[in-house]
Amino acid sequence: MRKTVSIRTALFFIILLAAAMLTGLVGLNRFAEIAREKTEVASADLEKLSITLSEIEVSLLQARVSERSYLQSQTDEAVAQFDEKALQINQSITSALQFMGTKPEYAENTGLLESLANSATAYKAGFDEMVKAQRALGYTPDDGLQGELRTAVRGVEKSLESITKHPEMQAKMLMMRRHEKDFLLREDPEYLASLNDRVAEFREFPLTNYLNFAQKNDIDALLTQYQTAFTSYVDQAMKVKDMRMELTAEFGVAQPLLDQIKENFAQAKPALQKQMDAAQVQVRNMSIALSVAGIIVFAAATVWISMLIARPLMAIGTALERMRENDFTAPLRPSRIRETAAIAAAFDAFRQDMALRQGINAQISEVIAACASGDFSRRIALQDGMEDPSGLLNGVNGIGEAAQKGIDDVLSVIEALSRGDLTQRMASGHKGIFLRIAAAADLLTDNLSQIVADMSHTSERLNQTSGQIVGASHIASQRGQTSAASLEQTAAALEQLSSTVKDTAASAGAAEKFVGGAQARTDDAYRLAGEARAAIERIRDSSKAIASIVDLIEDIAFQTNLLALNAGVEAARAGSAGLGFAVVASEVRGLAQRVADSAGEINKLVRSSEKHVGDGVDLVAQSSASLAAIRDIVGNVVLRVAEIAQNTEGQSHGITEINIAVSALDRDVQNNVASLDETVAAGEALRSEALRLGQLVGHFKLAAQTGLQPLPLAAE
């Protein structure tokens with residue numbers, strides 16, 4: 001006996017081979033994944049540190065920019081920006097140190113990063129000290145040491161205003177101010193010595209240059225205050241300058257440290273990438289070798305098992321194809337697979353049964369073909385020894401008998417209907433579809449009987465109704481003639497009313513034109529008032545321009561006076577050679593003073609003129625407002641007159657349209673009278689058709705014992 005195996009065992013063997021191969025591949029992939037994860041983590045760490053270093057570098061450069069911005073603008077906003085960037089640098093360095101502390105491989109760069117942190121801290125501290133020193137100097141000329149220096153200068157200059165006979169003293173003060181300005185521009189401490197020399201020279205002026213001894217003491221005290229304030233300012237400014245240089249040095253220390261750390265991380269990336277590539281190549285080679293071996297073994301086992309299963313099944317398929325051609329003798333192939341062998345045995349039993357049933361199917365086909373052609377008399381002959389366990393043969397014969405009886409009964413009912421006999425009914429005893437056909441035929445007969453009875457009743461009612469329509473139409477025709485006469489009288493009255501309203505509309509239009517002319521003149525008056533106001537406004541603007549010119553003349557006179565003063569100082573310094581020039585300078589100062597006095601008087605007159613012009617503008621504005629109110633009132637009157645004219649014209653059109661509508665209504669009434677006459681004729685024709693309908697319904701034969709009643713009419 002041939003030894004057999006089951007499909008489950010064969011598939012289990014294949015699954016074991018596939019599982020072994022997949023297990024090896026999964027192990028290799030897991031090994032590769034672990035190696036890749038390690039390298040990716042290391043690469044991500046490097047990338048994270050590189051990003052952190054880039055953020056530190058950007059923040060450091062932004063802090064440097066904020067420092068420069070503060071030196072230029074000297075505002076607290078620039079200080080806040082620097083503090084924000086310094087905080088970001090500190091946070092980034094702290095985060096990087098914490099991360100590198102957990103990675104022993106970054107120990108070499110940890111020291112460099114700590115040095116960078118110390119340098120950044122020193123840079124922040126130096127900036128804070130510089131800001132503190134700069135605030136002591138003062139951000140504006142009115143605060144800090146700048147404010148003290150400016151207050152001292154103003155005190156000295158105000159005290160010298162009363163000394164007009166010795167311009168050389170003002171000139172000496174101007175030299176001190178020049179040294180002060182030179183230091184502010186160049187920050188050179190030599191200008192402090194120059195200013196001290198000018199102060200010493202100023203103190204050598206004799207007592208006769210002053211009004212009294214007390215004035216000399218006051219001016220000396222103010223000079224000492226000025227000299228002290230300038231000395232403090234110079235010392236503080238030089239201190240700020242040194243702090244700026246120290247900040248630059250601290251920034252120069254931090255940048256190389258950051259560049260060295262970035263270079264170290266940049267060199268570590270290629271080695272890490274090379275390690276990752278080598279691990280991937282090793283895993284790929286091992287995976288290829290294992291895959292090739294597994295595929296060869298798996299393919300061989302699969303082909304062998306598939307042949308054991310496929311060959312018997314192909315033989316069964318060939319036998320099935322021949323059975324479709326009514327050939328039941330095809331041989332079957334033996335199989336070593338238990339399931340396919342069982343399928344072959346079952347198929348052989350089925351083939352024998354199919355051969356037995358083939359003869360029965362032939363007879364059934366003949367009976368069905370006869371039924372399809374309308375012959376229900378054919379039956380299946382049961383031979384001796386033929387079994388009918390399912391009752392199919394008796395069932396087919398029963399179908400023919402039931403169909404024959406049902407069709408005969410339906411035919412008898414239809415023939416009775418064709419003769420007009422509504423008393424015929426289907427015989428009893430039917431089942432299934434013929435029972436439904438019998439019920440439908442009986443219902444059809446009953447409905448036809450009901451319809452015929454209703455039509456008979458309807459013909460009688462239609463005859464009565466047509467007579468009523470004829471009588472009503474005669475009465476309506478007489479009433480229409482009376483209405484037509486009344487409408488003619490109404491049309492004549494409306495024609496007279498339309499003529500009267502048209503005359504009223506013409507009068508309203510003339511009034512509208514008259515009021516419109518008044519409105520146009522009011523608009524012209526309002527426009528002229530506006531032009532007058534604009535002209536006065538231009539006069540006021542001209543007065544303001546003249547005032548500006550006078551102010552300019554005063555400024556020129558003041559500058560000329562100052563130039564004459566400087567010229568007098570230079571002439572006094574020149575001695576006897578500048579006496580003539582001193583006389584000219586004195587005359588120029590006198591001329592400038594007279595010009596300033598005249599300009600002041602002109603300015604007063606112009607200011608007075610501006611006030612009077614402003615009053616005129618206000619008066620013209622009030623007049624313009626009054627004219628605007630008058631214009632609005634006249635406009636409202638125009639609108640009201642226009643509305644009256646428009647309404648009157650609308651009434652005229654409305655009456656005309658009413659007159660047209662009444663005329664049309666008159667025509668429609670005449671047409672209705674004619675239509676009523678036609679309705680009378682149609683009613684007579686309708687009565688004739690109702691009589692004919694009653695005659696047609698009388699040909700049907702109804703069952704008197706059924707008690708059928710006519711259906712109710714919709715008109716009842």
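Predicted model: local features only at pLDDT ≥ 70, side-chain atom pairs only at ≥ 80, totals over all residues.

Reply: Residues are numbered from 1 along each chain as its sequence is written, and side-chain values use heavy atoms, with hydrogens and water left out.

Take helix α5, residues 167-186. Helices here are DSSP runs of H or I, at least four residues long, and strands are E runs of at least two, numbered from the N terminus. The expected span is 1.5 Å times one less than the number of residues. After α5 comes E187, with a positive phi near 55 degrees.

Now burial. Buried means under 20% relative accessible area, exposed over 50%, and partly exposed in between, with a 1.4 Å probe and protein chains only. The buried residues of α5 include P167, M169, M173, M176 and F183.

Next, helix α6, residues 190-203. Here E201 and R198 form a salt bridge, at 2.8 Å from N to O. A salt bridge is a side-chain nitrogen of Lys or Arg within 4 Å of a carboxyl oxygen of Asp or Glu. The two residues sit three apart, about one turn of the helix. An α-helix has 3.6 residues a turn, so residues three or four places apart point the same way. R198 is buried because its relative accessible area is 17%. E201, at 30%, counts as partly exposed.

Helix α7, residues 213-324, holds D220 and K216, four residues apart. Their closest N and O atoms are 3.1 Å apart, in a salt bridge. Both D220 and K216 are buried.

R150 pairs with D142 at 2.9 Å between the closest N and O atoms. R150 is partly exposed at 33% relative accessibility, while D142 is exposed at 58%. D83, K124 and D128 are linked in a salt-bridge network. The whole structure has 13 salt bridges.

Finally, the chain. It has 11 helices and zero strands. Of its 716 residues, 30% are buried. Counting contacts (heavy atoms within 4.5 Å) with a separation of 6 or more, 77% join residues 24 or more positions apart.
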